[in-house]
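Reader: I'm new to reading protein models and would like a close look at one part of this one. Please take me through it slowly, and then show me how the rest is put together.

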Amino acid sequence: MRGRQQFSIHFLQYLNAQGKLDLPLPEWITDTPLLLTIYENMVQARLLDQKAVALQRTGQMGTYPSTLGQEAISVCTGLAMAKHDVLVPYYRDAPAQIIRGMSPAEVFIYWGGDERGGNLNRTSRDLPICVPIATQLTQAAGVATALKIKGEEGVVVVSCGDGATSKGDFMEAMNLAGVWDLPIVFIINNNRWAISVPLAQQTRAATLAQKAIAAGIEGLQVDGNDPIAVYDAISKAIQRARENQQPALIEALSYRLCDHTTADDASRYRDADELKAHWQEEPLLRFQQFLHQQGLWDAEREKALQQRCQQVIDTAVAEYLALETEPPGAIIDYLHAFLPHALETQRAEIMLKSHAINSREDQK
Amino acid sequence: MSANLPASSQTVTGPATASTRASTDTTTEAETKDCVLVEAINMALHYEMAHDPTVVVLGEDVASNGGVFRATLDLQQAFGAERVRDTPLAEGLIAGLSVGMATQGLKPIAEIQFMGFMFAALEQLICHAARMRNRTRGRLTCPLVVRMPFGGGIHAPEHHSESTEALLAHIPGLRVVIPSSATRAYGLLLAAIREPDPVIFLEPKRIYRAQAQRICNDGQALPLDTCFTLREGEDLSLISWGALISECTQVADQLHEQGISVELIDVATVSPLDMTTILQSVAKTGRCVIAHEAPKSGGIGGEIAAQLAEHALLDLKAPVLRVAGYDTVMPYAKKEALYLPGVEDIHSAIQEVLAFG
């Protein structure tokens, strides 16, 4: 026997857990406003997330999947994309969606049980979040194909969790991206847990990035808690996709510092010491330390930022809580472009039932 | 489009109504040709690809091979490799791709090679295609067509002969359309492609190459969500769709010679159902037999019968009977004739209903 092909998977990290440099910084690091934008969006994401959990815990919102500890991946995804690119997000990517123009209030509106939180920004062609695992990946391949067929510039960025890599859709989409030379970047937020199932029970593969090799596309693993590595990897992959129609897979290693959702209790299946250890690696503090070391940040700036973020969140909460209920017909009116004749009777029944419910509530 | 359609049925020979959207080719004189059903599908695909640059065809073996039944013959030669694409062999991928394309302004027409292989595609169709408009409150839409050959009777291998249209018809947001002749295949497929929402287009492959019909390739669509009353009658309403319309026509012919007048209705769009036409017919005849190839329990025949019970009880002179496949897996080729409803089965059900009084 002789060797036929050899592969290796590279791991990219600039900032270690102490915010110290492991590699010489990439060339774009002189862009101080960008560094500050990354940090500010990460802080915004964490505070919005805390508010969402608080709303759920106080009975003002439904089940919600927290983004705690994964801010670097989602924020850098949003910031690395151009406006005319298309984001196909999974359900833990609200920070990227907000950077790309979704109203922060929509996070509360959607998880509060209202379809109007489905990213209704009419100037966007991004897809809404995807709940069924991995199904967004083949759709993203379709979006990228559409851009190619229409001759439009634009790269598709699609995200998923580590659990999604166990589904066929993941391989089907990457395989097609290779065959059709699609301008697409796949990002795995490998937070090590799919609800209660750890990564070791998803795959025997040493990395998820190496799954790209079987599809004939580039695969890279990055420290997902290092915003510089994440931004560097995503922006360069987007550039290659844009210029050379070259797809890529980026596995961003993070850790789910939160429960799967507010309906989950991770203490049932996860070791407390493991969680504690991973708090030492979390992205926000690491990046703040780095900015301090670079002389770009101080306590006063931090205080001002926290106030600005709080204002955004207060506005979003007020918008959410003040939102009036949609008219009852909305549960059927958006199903088709025009209501089919066959559904007219049921629509009328919906209106009557709504009226009856309202009358009963008025009597109480 | 569909909201403008009349609630009542269209007769096959009648003139197109003003609300029937059609894009008539005004630059060249439309070609008229004798076509079998699969050729009519091919003709409609060629017509719409020539007139709508957003239409894209994708699936397994649809490009250089022209589809295993030749439904997509010569499309790639005519419209190029960008718009007519062979996909890797993955039905879930085909459906997911179509959803993604449709959200970005294309009109994908996907072929699933046989209905028996659609199941990997269902997650995309049910969880995404059927809901995209609703869950974005109309910001993104999903105007796609999924074509699938279905049904038995061609001695095909296992998994190639099922009729599972009721599974799809149960999904709000999906239209399910089934042609029963070359003419209706042409007109209904054009309508399906022009529909702004997802349509599942089920092609009864047993009659793919049955009786040819003269079709004018003028881009004239037929209305969706509407039954077609194929012949008018007084004594009994016979409701069916797809390949079984052939057997139903034979039975109606036989009974006509015996002085029994059957009103034959091709449902065509099995979801959403045009019950207006069926109820009007049963109000006239007072008797109804429903024939379909799919297993009897949970089939669309049950839905029609339930609606007759709800809305036409006092019109009925006899129980509504269903002639259907059995509640068993589709047998292999040697015994498929035993499974499939035939002329005799339809005939005896009608005799039973007529004998009731």
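Author: Happy to! Let's start with chain B, which is divided into domain 1, covering 22-216, and domain 2, covering 228-356. Please keep in mind as you look around that this is a predicted model. The C-alpha centres of the two domains of chain B are 26 Å apart. Where they touch, 26 residues of domain 1 of chain B are in contact with 23 residues of domain 2 of chain B. On the domain 1 side, the elements giving two or more residues are helix H6 (165-169), strand E7 (175-177) and helix H7 (182-194) of chain B. Sorted by class, that side of domain 1 has 12 nonpolar, 8 polar and 6 charged residues.

Now step back to chain B as a whole. You can count 12 helices and 15 strands in chain B. Its radius of gyration is 20 Å, close to the 21 Å that the globule rule gives for 357 residues, so chain B is as compact as a globular protein of that length. If you draw a box along the principal axes, the C-alpha atoms of chain B fill roughly 60 × 45 × 45 Å.

The axes of helix H3 (residues 91-103) and helix H4 (residues 119-129) of chain B come within 6 Å and cross at roughly 25 degrees. Angles under 35 degrees count as roughly parallel, and H3(B) and H4(B) are therefore roughly parallel to each other. Their crossing is right-handed. From H3(B), the residues Glu91(B), Gly92(B), Ile94(B), Ala95(B), Gly96(B) and Val99(B) meet a set in H4(B) that includes Ala120(B), Glu123(B), Leu125(B) and His128(B). By class, the contact of H3(B) with H4(B) has 7 nonpolar, 4 polar and 2 charged residues.

The contact between the chains takes 41 residues from chain B and 38 residues from chain A. On the chain B side, the elements that give two or more residues are helix H2 (75-83), H3, H4 and helix H5 (132-135) of chain B. H3(B) gives the most to that side, with 9 residues. The chain B side as a whole has 18 nonpolar, 13 polar and 10 charged residues.

Most residues other than glycine have a negative phi, and most peptide bonds are trans. Asp61(B) has a positive phi of about 65 degrees although it is not a glycine, and you will find Asp61(B) in the loop between strand E3 (55-59) and H2 of chain B. Further along, a cis peptide bond joins Ser271(B) and Pro272(B), with omega about -5 degrees. Pro272(B) lies in the loop between strand E13 (269-271) and helix H9 (275-285) of chain B.

Now for the partner. Chain A is divided into domain 1 (10-322) and domain 2 (330-363), and 38 Å separate the centres of those domains, taken over C-alpha atoms. The secondary structure of chain A comes to 13 helices and 8 strands. The radius of gyration of chain A is 22 Å, close to the 21 Å that the globule rule gives for 364 residues, so chain A is as compact as a globular protein of that length. Along its principal axes, the C-alpha trace of chain A spans about 75 × 55 × 40 Å.

Chain A has helix pairs to explore too. The axes of helix H5 (residues 135-149) and helix H6 (residues 168-179) of chain A come within 7 Å and cross at roughly 20 degrees. H5(A) and H6(A) are therefore roughly parallel to each other, and H5(A) passes H6(A) in a left-handed crossing. The residues of this contact divide into 7 nonpolar, 2 polar and 2 charged.

For another pair, find helix H1 (residues 32-57) and helix H11 (residues 299-322) of chain A, whose axes come within 10 Å and cross at roughly 45 degrees. That makes H1(A) oblique to H11(A), and their crossing is right-handed. Among the residues that meet here are Val43(A), Leu47(A) and Lys51(A) in H1(A), and Leu305(A), Cys309(A) and Ile313(A) in H11(A). The contact of H1(A) with H11(A) divides into 8 nonpolar, 2 polar and 2 charged residues.

Key. Residues numbered from 1 in each chain as written. Chains lettered and ligands numbered in written order. Predicted model: local features only at pLDDT ≥ 70, side-chain atom pairs only at ≥ 80, totals over all residues. Axes fitted to C-alpha atoms, helices over the stretch in contact; angles between N-to-C directions. Helix = DSSP H or I, 4+ residues; strand = E, 2+ residues; numbered from the N terminus. Parallel < 35°, antiparallel > 145°, perpendicular 65-115°, else oblique. Left-handed = near helix turned anticlockwise from the far one by under 90°. Contact = placed C-beta atoms within 7 Å. Nonpolar A, V, L, I, M, F, W, Y, C, P; charged D, E, K, R; others polar. Domains from an automatic or database assignment. Rg over C-alpha atoms; globule rule 2.2 N^0.38 Å.
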